[in-house]
Amino acid sequence: MSLVKWDPFREMERSTRRLNRLFGDPLIRFFEEEDYAMWTPRMDVYEDADSLVMKAEMPGINKDEIEINVDNGILTISGEKKRAKEVEEKNAYRLERCYGKFSRSFSLPSSVDTSTVKANYKDGVLEITLLKTEQAKPKKISIN
């Protein structure tokens, strides 16, 4: 038999997992019984030398159902993922996909020019590009 050093954090993690299993499943079942479950698109936000880029996964949403607003340095993406009536619930074994209205808001840094927002939607991915102001772009300084 090998000896294993006691780790209190491992015990806390194990207890947390047990509690999540105990209390997490009823919460999931509650949302599955609802006509619409809570849903928000997952986002990637990153910057490069010239811009701030935001990408959101929105499978099954038509681009006409997405709204993008910029107001007072806050960018808001909102819309609705509608439930397709392909299958009647009485004939379904499992319905796990989430639907409903969503809204995500982000505070924009002062280094971006909010008048140059560009949005592109392709293959269920929304890409928003905000160009940086000239003052915010990195400058290389040469040494004389």
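Visitor: Which side chain meets Glu-65 in a salt bridge?
Guide: This is a predicted model. Side chains of opposite charge can pair when their charged atoms come close. Here the gap is 3.9 Å, N to O, and the cut-off is within 4 Å. The partner of Glu-65 is Lys-82.

Visitor: How many residues apart in sequence are Glu-65 and Lys-82?
Guide: Glu-65 lies in the loop between β2 and β3. Lys-82 lies in the loop between β4 and β5. The pair therefore ties together parts of the chain whose separation in sequence is 17 residues.

Visitor: Is Lys-132 buried or exposed?
Guide: Lys-132 meets Glu-47 in a salt bridge of 2.7 Å, N to O. The relative accessible area of Lys-132 is 12%. Buried means under 20%. So Lys-132 is buried.

Visitor: Is Glu-47 buried or exposed?
Guide: The relative accessibility of Glu-47 is 54%. The cut-off for exposed is over 50%. So Glu-47 counts as exposed.

Visitor: Which strands stand at the edges of the open sheet?
Guide: The sheet has 4 strands in the order β1-β2-β7-β6, with antiparallel pairing. An edge strand here has a single partner strand, so one side is left without a neighbour in the sheet. The edge strands are β1 and β6.

Visitor: What is the bridge partner of Tyr-46 in β2?
Guide: Strands of a sheet pair through backbone hydrogen bonds. β1 and β2 pair in the antiparallel sense over 5 bridges. In β2, the partner of Tyr-46 is Val-53.

Note on methods: Residues are numbered from 1 along each chain as its sequence is written. This is a predicted model: local features need pLDDT of at least 70, side-chain atom pairs count only at pLDDT 80 or more; totals for chains, interfaces and linings use all residues. Side-chain values use heavy atoms; hydrogens and water are left out. Two strands pair if DSSP finds at least two bridges between them. Helices (H or I, at least four residues) and strands (E, at least two) are DSSP runs, numbered from the N terminus. Buried means under 20% relative accessible area, exposed over 50%, partly exposed in between (1.4 Å probe, protein chains only).
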